[in-house]
Amino acid sequence: MSKNRTPEAPRPGQGTAARKRERQKKMQMRLYIIVIILAVAVIFVILVFNVFFNIQNVDVEGSTNYTAEEIFKASGITVGDNMLREDIAKCSENITSTLIYIESAEVKKLYPSTIKITVEASVPFANVQTSSGYYLISRGGKILETLTNPKSGIMTITGSEADITLLPGERFASIDETKNKDIYALLDAFSEHELENVTYIDITDPANVSFEYDSRIVVELGVVSDLDYKLNFITQILHDQLGTGVFGTLRLLPDNSAQFIDEAGIAENDRVFAQNYEAYEESLRQESESLAQEAAEQSSESSSEQSEETQPTETQAPETETAAAATVME
């Protein structure tokens with residue numbers, strides 16, 4: 001028979017050393033794994049930014065006066081560059097700022113190797129009168145050209161107080177913030193309501209903005225507010241009530257109604273005004289002569305008193321008619 005042997009008791013410190021060696025092995029393994037992961041990540045990043053996703057194709061879409069090559073060159077993109085490094089917002093800005101007659105440019109990355117550029121052409125929409133000529137602007141307000149005379153066939157905006165330091169490619173702005181907001185609000189509203197055939201907008205007085213429709217009806221809009229309601233109302237009147245052969249002025253009133261004065265009525269008003277104004281000027285002339293005569297008589301009387309040669313006489317000044325003036329001022 002074999003005798004049972006009693007296991008020897010561990011020596012002092014033997015178990016602690018074994019556990020310590022085990023922990024060190026685990027720590028070394030973890031460090032080894034972390035180093036491998038980091039190395040793989042670095043290699044992956046290097047490959048991604050230098051080997052993978054490099055630009056090989058650039059597709060240009062959209063109808064403009066510029067060639068695909070001109071648009072590609074303006075974008076600043078280079079074939080072979082890495083797509084992940086490409087700032088597409090900057091590319092879009094490069095195109096619209098360099099090529100004046102491009103209104104917008106959308107740049108997209110199509111992985112793994114294609115850039116797609118979609119452009120929209122700028123279309124002349126309005127002339128804006130300035131102190132030195134005209135700006136030709138697109139519907140979005142982009143300045144396309146500076147002109148000596150307005151371009152025919154599109155609307156003209158007057159009274160804008162335009163900033164004359166702006167250059168083609170920049171967005172139009174007025175030095176008057178209220179007028180600036182009003183102009184863009186009107187352009188947006190006209191487009192939204194498809195109100196065509198507007199020949200001019202006069203924004204000289206922001207409290208009484210007007211525009212001309214179809215070269216025959218002047219619409220006095222008042223302040224630029226509640227444009228949806230006002231333009232719906234105006235459009236209904238223009239299309240359903242006035243017809244195509246009518247000339248005159250359509251005035252929006254504070255009580256949300258409208259008043260139309262036809263061309264004959266305007267001519268009659270002008271005639272009456274001119275007649276009254278002429279009578280008013282005649283009245284002022286007569287009054288001036290009367291005052292001058294009175295002053296002369298008073299001067300003569302003063303001289304007579306000093307010399308004591310003659311007795312002063314009183315002279316009745318002619319009556320002055322001011323009825324015409326009152327008519328004008330009413």
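**Salt bridges and pockets in the predicted model**

The side chains of E61 and K116 are joined by a salt bridge, with an N to O distance of 3.7 Å; a salt bridge is taken here as a side-chain nitrogen of Lys or Arg within 4 Å of a carboxyl oxygen of Asp or Glu. This pair connects distant parts of the chain, as E61 belongs to strand β1 (residues 57-61) and K116 to strand β3 (residues 114-121), 55 residues apart. Helices (H or I, at least four residues) and strands (E, at least two) are DSSP runs, numbered from the N terminus. The model is predicted, and local features need pLDDT of at least 70, side-chain atom pairs count only at pLDDT 80 or more, and totals for chains, interfaces and linings use all residues. Residues are numbered from 1 along each chain as its sequence is written, and side-chain values use heavy atoms, with hydrogens and water left out.

E61 has a relative accessible area of 39% and is partly exposed, and K116, at 27%, is also partly exposed. In these terms, buried means under 20% relative accessible area, exposed over 50%, and partly exposed in between (1.4 Å probe, protein chains only).

The structure contains six salt bridges. Among them, E161 pairs with K179, the closest N and O atoms lying 2.9 Å apart. E161 is in the loop between β7 (155-158) and α4, whereas K179 is in helix α4, 18 residues apart. E161 is partly exposed at 38% relative accessible area, but K179 is buried at 4%. Another salt bridge joins the side chains of E106 and K108 at 4.0 Å, N to O.

The largest pocket holds about 250 Å³ of space. Of its 13 lining residues, F125, R139, L195, E196 and N197 are the closest to the centre. Pockets were located on a 1 Å grid over the protein atoms alone, as open sets of points where a 1.4 Å probe fits, with protein on both sides within 12 Å along at least five of seven lines; lining residues have an atom within 4 Å of a point. Grid points are joined across faces, edges and corners, and a volume is the space filled by probe spheres set on the points. β4 (124-129) and α4 (177-192) each contribute at least two residues to the lining of the largest pocket.

The second largest pocket has a volume of about 170 Å³. Its lining includes L221, D226, Y229, K230 and P254. β10 (217-222) and α5 (227-242) each give two or more residues to this lining.
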